[in-house]
Amino acid sequence: MELNQIPHLPIDAESTRQIRNRTKLQKCLLLGLILASVVILAFIVHTVRIEIGTCGTPECMQIAARVLEHLDKDVDPCEDFYRFACGKVANVTSTENYPKRLLKNKISQRLQELLEEPIDETDSPIFNYEKDFYSACIADKKGAQSLKTLKEIFNDLNGWPLVVGSSWEEQSFDWLEWVSKFRKYGLRHDQILGFDVMVDSINPMKQIVKLYPPPYMGMPKGVKEVAVMFGANDDVTLDREIGDMLDFMKKIQEIRVKHINYTHEPPTRALANEFQEKHKDLDWLHYINSLTEPEHTIRPDDYLEFMYTDCVKTALELVRASPKRTVANYMFWRAVDDLYSIIISESLDIYDMKRTRVDICKEILRYNFSPWSSFVAYGKKFLTNNSRERATVIFNHVKREFKRLFNINKWMTEGDKQKFRYKFNTMTEIVGITNDTIIHSTYHDLFKDNLIPKDGFLKMYLNLKTTLNTLSNNARFQQHSQDWRYLQFLLDTDTIYFGTQNAIMLPIGALQDWYYDEYGPMYVNFATIGKNLAVTFAKVITSIDVAFEEKIRWSEETLKNYEEETNCVEQKEVKSLMVQYYDYKILELGQIVGLKVAYNAYKKWVEENEEELPAKGTGYSTNQLFWIIALTDSCFEDAYDFNFFVHNEPIQRNPNFASDFSCSTNAKMNPPKKCSLL
């Protein structure tokens, strides 16, 4: 047989039938497999199509969760958009838990953690000093060590009459000398007169000293308890002396009210020698130089200026006519009251301020370190370069769109427009923080010879106050204080415009959490910080809620045109500190402008980049999500920030909203007249 020859085997009928049956089964299985494959493939294609049309990144999913947490889908967005966007949380969520409050709490906690970190030699010296300062404050929680230190200082000052009683030496007391002594110890020393030394704005080659009336102080509580704590005998004499002191304080306040609240007398200005001839109440040069040396020596040809002349002179007459003991008790009490939170433990808080030692220590830092170096350290740690660069992109797009709309508005005269064009063209833009190294080094250079760690917190604190008292009359420090003014707002959560510096600031605090995500969708960032920026630009025009600036007046023609252009925005009676202080209509128009500019700026960004994908699971487009998110950070109100979106007006006035949500022409959210400042 050939090797390649196949033998013929016999096949019976039964075998043929079995083969034919197996072939039918295989055909059925194959068909089922094909059908299953088609279904699976269709599902995969459908899923891919969904994923392609939406964004499923962690940032997008977080946005989706927040949006769905707020939305009430049972409400028609074209009838009541506020209830649609905020329906699940409005009026049911505590103001303590609304986004801005939560963010502020988070910033405060992070700041505390920074201050509690160990000393790091790579940090700036001034920041490390702040850490030492804060640590010493926390350590003296009961105030016992600080109280002991203050008692020792008072003994060096001949004693507090309320405490030492009959052993007090009245003949040695002269309030002028004691003011100087209080200042050298770092104690409060403006009990009788306040003053500032600065370069004269009229004649820059000269100095000017501005003298102020005694500062306001509410009538104190717990004087007796504090005096006893210092060692006073609790008897009838103590009660009588406290009564005399309170009567003196009441008269001081009555003088202030009479001369400051109800008169508008101009300041009295003259050369020091001429001023002395006219006002012989005391030796002014001697008094001022005792408080300003060694930083300054006021000469006879420098200027003095009384603010509220009659008030100052009447207060001095009261001091001369009052017993020395009463005046001394008043001065010592003002010094104690200024240090009250430092020397009194939480359990003896007669003012019932309900503040923790941590709150007190952070507050002391904030009021005495300006700029607060910890703010700069916070920025370095939590604001990345990428985050700042992306925020700058938003800033530039918003500013560009605002200027475009401003230039084409029809209601403002060309002369008035020119005033604001100059502002916009010369405006300084601050996103987060810049030049932090320069800030640290300059600040340290001013303080390096003075900020020496002391034994105990109160000694550190008073040493700092002494340093600040000296530097307050230093021209270089005064200039840097002006330059650094914006730094105290670094951790705020709202955009701020500084009029005197013509600078607009997007603080670090606003570039976090709900309000900004460097990796998140830009429609979110434009709807939050973009809107915030645009509202602030609108305030530059209206000159309301602007830090350190007088309002620029519009011409009569502009005012008339403005009223005609914006007459569709109604005044509303609302209970709000903000609205009571400012004009509701102008504030509302700011929100209308803010939304319009931010939306337009976002659409321009999309043109220059690419269309974004909406967050997966929401069922809304990116344009619709812009409007929803623009409201969801405003679903809450507190005592100050009135919620302008409750009445839907800022949304109603924008035609893009009605288009994005396909609102009919008779819908409440789509009124026929759409008015806006721009």
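Select Lys224 and Asp234 to begin: their side chains form a salt bridge, with 2.9 Å from N to O. The model is a predicted one. The pair links distant parts of the chain, ten residues apart: Lys224 belongs to helix H9 (residues 223–230), and Asp234 sits in the loop between H9 and helix H10 (236–261). Colour the two by accessibility. Lys224 is partly exposed, at 28% relative accessibility, whereas Asp234 is exposed, at 52%.

Salt bridges with shared partners tie Lys224, Asp234 and Asp239 into one network.

**The whole chain**

Now zoom out and show the cartoon. The protein has 29 helices and seven strands. Its length is 678 residues, and 51% of them count as buried. Among contacts with a separation of 6 or more, 74% are between residues 24 or more positions apart.

How many salt bridges does the structure hold? The count is 17. Side chains of opposite charge can pair when their charged atoms come close.

Select Lys381 and Glu117 next. Their side chains meet in a salt bridge at 3.1 Å, N to O.

Then move to Arg421 and Glu414. The salt bridge between these side chains is 2.6 Å from N to O. Arg421 counts as buried because its relative accessible area is 18%, and buried means under 20%. Glu414 is partly exposed, at 48%.

**Helix H5: Asn128**

Return to helix H5 and select Asn128, which is placed in that helix. Asn128 is buried, with a relative accessible area of 10%. Show its neighbours with residues up to four places away in sequence left out: Asn128 touches Ile119, Asp120, Glu121 and Asp123.

**Where H18 meets H26**

Select residues 385–408 for helix H18 and residues 584–608 for helix H26. The two helices pack at an angle of about 115 degrees, and their axes are 8 Å apart. The crossing of H18 and H26 is right-handed.

Show side chains on both helices. The residues that meet are listed here by helix:

- On H18: Val393, His397, Val398, Arg400, Glu401, Phe402, Arg404 and Leu405.
- On H26: Val593, Lys596, Val597, Asn600, Ala601, Lys604, Trp605 and Glu608.

Colour this contact between H18 and H26 by residue class. Eight of its residues are nonpolar, two are polar and six are charged.

**Helix H8: Arg183**

Go to helix H8 (residues 175–185) and select Arg183, which has its place there. Arg183 is buried, at 7% relative accessibility. Arg183 and Ser290 are 107 residues apart along the chain, and their C-alpha atoms are separated by 9.5 Å.

Asn158 is found in the loop between helix H6 (144–156) and helix H7 (161–164).

The last stop is Ser662, in the segment after helix H29 (655–660). Its phi is near 50 degrees, a positive value in a residue other than glycine. Ser662 is exposed, with a relative accessible area of 64%.

Conventions
Residues are numbered from 1 along each chain as its sequence is written. This is a predicted model: local features need pLDDT of at least 70, side-chain atom pairs count only at pLDDT 80 or more; totals for chains, interfaces and linings use all residues. Side-chain values use heavy atoms; hydrogens and water are left out. Helices (H or I, at least four residues) and strands (E, at least two) are DSSP runs, numbered from the N terminus. Buried means under 20% relative accessible area, exposed over 50%, partly exposed in between (1.4 Å probe, protein chains only). Contact means heavy atoms within 4.5 Å. A salt bridge is a side-chain nitrogen of Lys or Arg within 4 Å of a carboxyl oxygen of Asp or Glu. Axes are lines fitted to C-alpha atoms, for helices over the stretch in contact, and angles run from 0 to 180 degrees between N-to-C directions. A crossing is left-handed if the near helix is turned anticlockwise from the far one by less than a right angle, and right-handed if clockwise. Ala, Val, Leu, Ile, Met, Phe, Trp, Tyr, Cys and Pro count as nonpolar, Asp, Glu, Lys and Arg as charged, and the others, Gly among them, as polar.
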